[in-house]
Amino acid sequence: MKMTFAKVVALMTLCLTTQLRTSAMAADAPGRTRQMQMLVWGASGLQCVSRMLPEMLKEDGIDLNVRVLSSHTGNFAIAAKAVEAGKRAPNGVDDPGDLPNKGADYGYVNLEKDRSIQVHLEDEFSSRPWDIVLLVINTHYHVEKEPYEWLDTLYAFSRKRCPNAKMVLLQRPSPPNDSMRKIPGAEKKLRAWGDIGSDEVLTATRWTSISSRRQQEWAARHPDVLHVLAGDVTEWARRDSEWGFPPLPNHIKAKAY
């Protein structure tokens, strides 16, 4: 039977369950429910983590609470640096979203479940003992250099505040053809880097190959981080006709599918 997109996403999510199951089973006796807390430096398209992953772990007696922060990877890094500098909204400011850069300059980001809600990173990280911190780069930046510098900032910020948490880096699938894939795309402000030709139009396979290598290079410098190559899984499914995972030429068709 051919695989639907939902099944492919489920398979990607399975990559994350192995570490969580191992951690939980080692700590608790069989039959007991284990509470686990997961904080996500979020990006779009992470329903598989916030919705599917908790459901998939229930059968193993793991009650997983997922808190997904919402912002651009670069704004996350700006907010993290603002927190390190001790910044908060000035007195008299009721809505941090009214501050410059939507509050990121003062340490604020949004929540994925309701992007109108602004939260301060210091409050989020100190609100509970987090078992897992998930790092994610916005899909269209995987092939560039700067996001990995932002990732360094998020990693250091998270490790300082969650010294005992399991850190996870999740690779995203390549975007549809109408997204950030054309190099250079002036209207998308995408900056070519390294081995990408200045006029090269990236295929999904090429995008995934570069993304995989970039992320593996970063992960090699951070051996305490569990690296999940979910984008590679998607590429494998895309190239295998038996999986029935079609190429998605644009966002409209991707959403419909």
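Begin by selecting Trp41, Leu69, Leu121, Leu135 and Trp218: of the 31 residues in the largest nonpolar core of this structure, these touch the most other members. The model is a predicted one. Next, colour the elements β1 (34-42), α3 (73-84), β3 (108-111), α4 (121-126), β5 (132-136), α5 (146-161) and β6 (166-170), each of which supplies at least two residues of this core. Helix α5 provides the largest share, 6 residues.

Now centre the view on Leu121. Which residues does Leu121 touch, not counting those up to four places away in sequence? They are Trp41, Leu69, Phe76, Ala79, Ala80, Val83, Gly107, Val109 and Phe157. Apart from this core lies another, of 20 residues, including Met38, Val49, Leu57 and Ala230.

Select Trp41 and Phe76, an edge-to-face pair with 5.1 Å between the centres and 75° between the planes. Trp41 belongs to strand β1 and Phe76 to helix α3, 35 residues apart, and the pair thus links distant parts of the chain. Trp41 has 0% relative accessibility and therefore counts as buried; Phe76, also at 0%, counts as buried.

Proceed to Phe125 and Phe157, whose ring planes stand at 85° with centres 5.1 Å apart, so this pair is edge-to-face. Here helix α4, holding Phe125, is linked with helix α5, holding Phe157, across 32 residues. Phe125 is buried, at 4% relative accessible area, and Phe157 counts as buried at 1%.

Display Trp41, Phe76, Phe125 and Phe157 together: ring pairs join them into a cluster.

Definitions and conventions. Residues numbered from 1 in each chain as written. Predicted model: local features only at pLDDT ≥ 70, side-chain atom pairs only at ≥ 80, totals over all residues. Heavy atoms only, no water. Core = buried A, V, L, I, M, F, W, Y, C linked by side-chain atoms within 4.5 Å. Buried < 20%, exposed > 50% of the residue type's maximum accessible area, 1.4 Å probe, protein only. Helix = DSSP H or I, 4+ residues; strand = E, 2+ residues; numbered from the N terminus. Contact = heavy atoms within 4.5 Å. Phe/Tyr/Trp six-rings, centres within 6.5 Å; stacked < 30°, edge-to-face > 60°.
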